Amino acid sequence: MPRLMDIGLEKLRNMVLDMAELSQNTVSTAIDAYVQGRDLRERIFGWSEELRMLQDEVSELAVEIIARYQPVASDLRFIKSCMEVSYGFSRFGRYAHDISDVIGIFGDLSNCDRHAIQEAGAQAKDMIRVSIKAFTERDVELASNLKKMDDVVDNIYLDFVKKSAHETEANLKCVVSGTLILRYLERIADHATYVGETVPYIVSGERAARK
Amino acid sequence: MVVAIVPLASILVEVIRNGLSTMNLQFITGLPGVPGETVGGIAPAIQGTLLLIGLTCVIGIPSGVLAGIYLAEFGNNKFGKAIRFLNDVLSEFPSIVVGILISVLLVVATHQYSPVAGAVALSVITLPIVTRTTEESIKTVPNSLRDAAMALGIRRWRTTISVVISTARSGIITGILLSIARISGETAPLILTILGSNFFFSAWNQPIDALPLRIFHDAFQADPFTRQQAWGAALVLIIIVLTLNVGVRLATRGRYSSSRTRL
Amino acid sequence: MTSQVQLEELKLESKPLTPANQPLEKYKVRTENLNAWFGNNHVLKDISIGFLTNDVTAIIGPSGCGKSTLIRCLNRMHELVPGARTKGSVLLDDSDIYGRGVDPVSVRRRVGMVFQKPNPFPTMSVYDNVAAGLKLNGVRNHVVLDKAVQRSLEQAFLWDEVRTDLDKSGSSLSGGQQQRLCIARALAVEPEIILMDEPCSALDPIATAKIEELIASLKEQYTVGIVTHNMQQAARVSDFTAFLYLGQLIEYGETTNLFENPKEQLTERYLTGKFG
């Protein structure tokens, strides 16, 4: 027999899943835009803004459910996780916005070596996909893969920075834009792991150790 | 309601109408006169009734109250059931039968009428009434009070006395007063045990008078003055009974004010 | 009823003491394999549980799970019901209250109890109600009694409201005040443990809140055990919570942990309202 709270929880879940899909598209679009050299800033800014507003709505609904129904145990853990995860999705939107901003500021970057960014971008997109799937299906094992995937992105970023540090003659535009974008991708990857960490928490109350 | 009031009202009206004229100091304090005289009182009868009530209170009431307490608090077993049954049977006994029984046991055996025999007969009538009303009153005390007292570490007997009985006391007193009102008017058992007399109490082995007997006796006299005395006696008896009943009302009203137990 | 079947499927036994792996001395009162019956009805099955000293322990569970029976075994009130019996030990400061030669009355003086419906003695004043436990046990000294009454009423957060009306009948107070009066009455005999059987179920929310504050203050001096069917109340007032179901101890732990992350499926289902 459904409980009163179940209506609210269902709504919360749907809002979070909507945000998931939207943030995934936003990030993909931003990365692809960079790779293809297209300027899709307006579209991406719009989506990012929408994500921010959705996050506010999720937060409000979560607080309302808590105040009304005083949930405990798995319900409470789920609601808390929804709040954290929706924040993560709104960050995806924000970083996608920042990536397309770089394109806007720096203009034509087709001369730069975009290999690192393409690799990191693909990994980040994949991580978003995995984290959303793990959250939706409460798949703890799937979520546990995210840590390794995050290490890959971290290494790409660090390698790029180290390489640039020792470069004697470098294209300033390429280095700065590359660093910025890789930094944003690294943050996206981090947030994807945070989304993944909520899965064992919802299922069994386990919390991941903070680095 | 009207059906209930009409007989009551008519009795009261008749008794008051006929009995009021006899009311004077001589009536209350004087001895019965000789037939043909126009002076006389029913003082011995009043004294006798009060004496009998007093003796019954000493003999019958305490045993009834104790029996009621026992049955209510500790009587949830076969023994208790048996006692309750016997009690109910006893309460159904016609009072004349009780009178005969006590008469045989105490009067015939000792060859004398006595106030004690009368009081014993009345006690036997009172006992089942008081036992039952006491038991009922105590049963109305909610178990939560007993629980609260026991949980404080108060012993069982102390709980029964200071909490249970004290809470039930107005019900118990009501029962006692009502049973006394009832026996004030019993006539049959008195005929065979105290006989009746024209004189005040003189010794424990002599007959005494009582109001119901006086009424019974005087009502059949040829002499009109004496018959009039019967009405007066009836009035006095009714006054006593009514006073006891009003007393009950006052006693139970006190339950709702802030009456305190002195522990 | 599926939950009955599931209980058997899960093959649950009563769990032993679990909270915080405390050494046994830290428990003010604890049971060892406590069983209780009403006639042939086996209502408590092998319960081993303890209340830590100066903490509030809540016992929750659906109706009929044995919570009231459990606390009534702790002050030997259970045996007052005809046909009731117990087996197993209850250790108060490490000595068994069901041991040979132990006087149940002395146990009840150390373990106080407050009931669901406020039950002040109707023929006694406020003063006499609070003093009843002392007076009816032979204490006559007025100075001692006056002090005890004031102290208890203060501890029960009732002194200011009744100090000028100590002679008024106990029943003339409001429901919430009556319950605090009953708490004061229990405190007057200076027990070591206070047990409360759903103390707020008959009260309005404001009176309930007052009593919950009172419970929080009592634990400084006493050990408190509270039975409640209101989970949120258990979450608000207690340090440890035990979940009973059909006479068995299903889970027992620190309140925050139990409510955020219960270990047992059954507890999870009860807390989230998935069964009664």
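Two residues are in contact if their C-beta atoms, placed from the backbone, lie within 7 Å. The model is predicted; local features need pLDDT of at least 70 and side-chain atom pairs count only at pLDDT 80 or more, while totals for chains, interfaces and linings use all residues. Residues are numbered from 1 along each chain as its sequence is written, and chains are lettered from A and ligands numbered from 1 in the order in which they are written.

Of the two pairs of chains in contact, chains B and C share the most contacts. Their contact draws 21 residues from chain B and 30 residues from chain C. On the side of chain B that touches chain C, the elements giving two or more residues are helix H7 (143-151) and helix H8 (156-184) of chain B. Here helices (H or I, at least four residues) and strands (E, at least two) are DSSP runs, numbered from the N terminus. H7(B) supplies six residues, the largest share of that side. By type, the side of chain B that touches chain C holds eight nonpolar, nine polar and four charged residues (Ala, Val, Leu, Ile, Met, Phe, Trp, Tyr, Cys and Pro count as nonpolar, Asp, Glu, Lys and Arg as charged, and the others, Gly among them, as polar).

H8(B) also packs within its own chain. The axes of helix H3 (residues 43-74) of chain B and H8(B) come within 10 Å and cross at roughly 140°; axes are lines fitted to C-alpha atoms, for helices over the stretch in contact, and angles run from 0 to 180 degrees between N-to-C directions. H3(B) and H8(B) are therefore oblique to each other, since angles under 35 degrees count as roughly parallel, over 145 as roughly antiparallel, 65 to 115 as roughly perpendicular and the rest as oblique. Residues making this contact include B:Ile53, B:Ile61 and B:Val65 of H3(B) and B:Val164, B:Ile172 and B:Ile176 of H8(B). The contact of H3(B) with H8(B) comprises ten nonpolar, four polar and one charged residue.

Chain C has eleven helices and eleven strands. Its C-alpha atoms fill a box of roughly 60 × 45 × 35 Å along the principal axes. For 276 residues a compact globule would have a radius of gyration near 19 Å, and chain C agrees with its 19 Å; this radius is taken over C-alpha atoms, and the globule rule is 2.2 Å times the number of residues to the power 0.38.

No contact joins chain A and chain B, whose closest C-alpha atoms lie 34 Å apart. Just after H3(A), A:Gly107 takes a positive phi of about 75°.
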